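Hi,

Here is the structure we talked about. Have a look at it first, and my notes follow below.

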Amino acid sequence: MQECLFCRIIKGEIPSEKVYEDENLYAFKDINPKAPVHLLIIPKKHYATLNDLPDAEMGVIAEIHCVIKKLAAEFGVAESGYRVLANVNKDGGQVVYHVHYHLIGGRQLRV
Ligand code: 5GP
Ligand code: ZN
């Protein structure tokens, strides 16, 4: 089976504009930004959706939020404001089936 797009990005097989990396996480600029700041924060371990993330491994979501907080400050949107979202499955608008959080900011976002 073909490996998933984000797993290939983590491995460097597909180029990305990396903004953060540690042992468990990788973050990069969205290729099709919806706002001046649009970053994706992902666990290095592959889970297709949040439904597939075992309760025992939810710690990685806390780690993602720590990085989101740091990146929001670094990209100058912490005070102006930003949105954090994770799309799950078809009705949620998920297109890439590797768990990821969007950090979107730099303009007034409407619902
Ligand atoms: P989803 O709709 O699954 O929550 O969001 C997937 C996101 O991944 C989209 O915002 C899309 O622009 C982004 N994306 C898709 N392919 C690539 C890629 O090859 N590189 C980067 N940097 N972002 C991608
Ligand atoms: Zn993957």
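A term to start with: buried means under 20% relative accessible area, exposed over 50%, and partly exposed in between, using a 1.4 Å probe and protein chains only. By that rule histidine 98 is buried, at 0% relative accessibility, and cysteine 4 is buried too, with a relative accessible area of 19%.

Some housekeeping: this is a predicted model, where local features need pLDDT of at least 70, side-chain atom pairs count only at pLDDT 80 or more, and totals for chains, interfaces and linings use all residues. Residues are numbered from 1 along each chain as its sequence is written, chains are lettered from A and ligands numbered from 1 in the order in which they are written, and side-chain values use heavy atoms, with hydrogens and water left out.

Now the metal. The zinc ion (ligand 2) is held by Cys4 (SG), Cys7 (SG), His46 (ND1) and His98 (ND1) at 2.0 to 2.3 Å; donors here are N, O and S atoms within 2.8 Å of the metal (3.2 Å for Na, K and Ca). In sequence, the donor residues of this zinc ion follow the spacing C-x2-C-x38-H-x51-H. Cysteine 4 sits in the segment before helix 1 and histidine 98 in the loop between helix 3 (89-92) and strand 5, so the pair ties together parts 94 residues apart in sequence. (Helices are DSSP runs of H or I with at least four residues, strands are runs of E with at least two, and both are numbered from the N terminus.)

Next, the aromatics. The structure holds two aromatic pairs; rings of Phe, Tyr and Trp (its six-membered ring) pair if their centres lie within 6.5 Å, with planes under 30 degrees apart counted as stacked, over 60 as edge-to-face and the rest as tilted. Phenylalanine 6 and phenylalanine 28 make an edge-to-face pair, 5.3 Å centre to centre with 85 degrees between the planes. Phenylalanine 6 is in helix 1 and phenylalanine 28 in strand 2, so this pair joins parts 22 residues apart in sequence. The rings of tyrosine 26 and phenylalanine 28 have centres 5.7 Å apart and planes at 45 degrees, so that pair is tilted. Phenylalanine 6 is buried at 5% relative accessibility, and phenylalanine 28 is buried at 4%.

Happy to talk it through.
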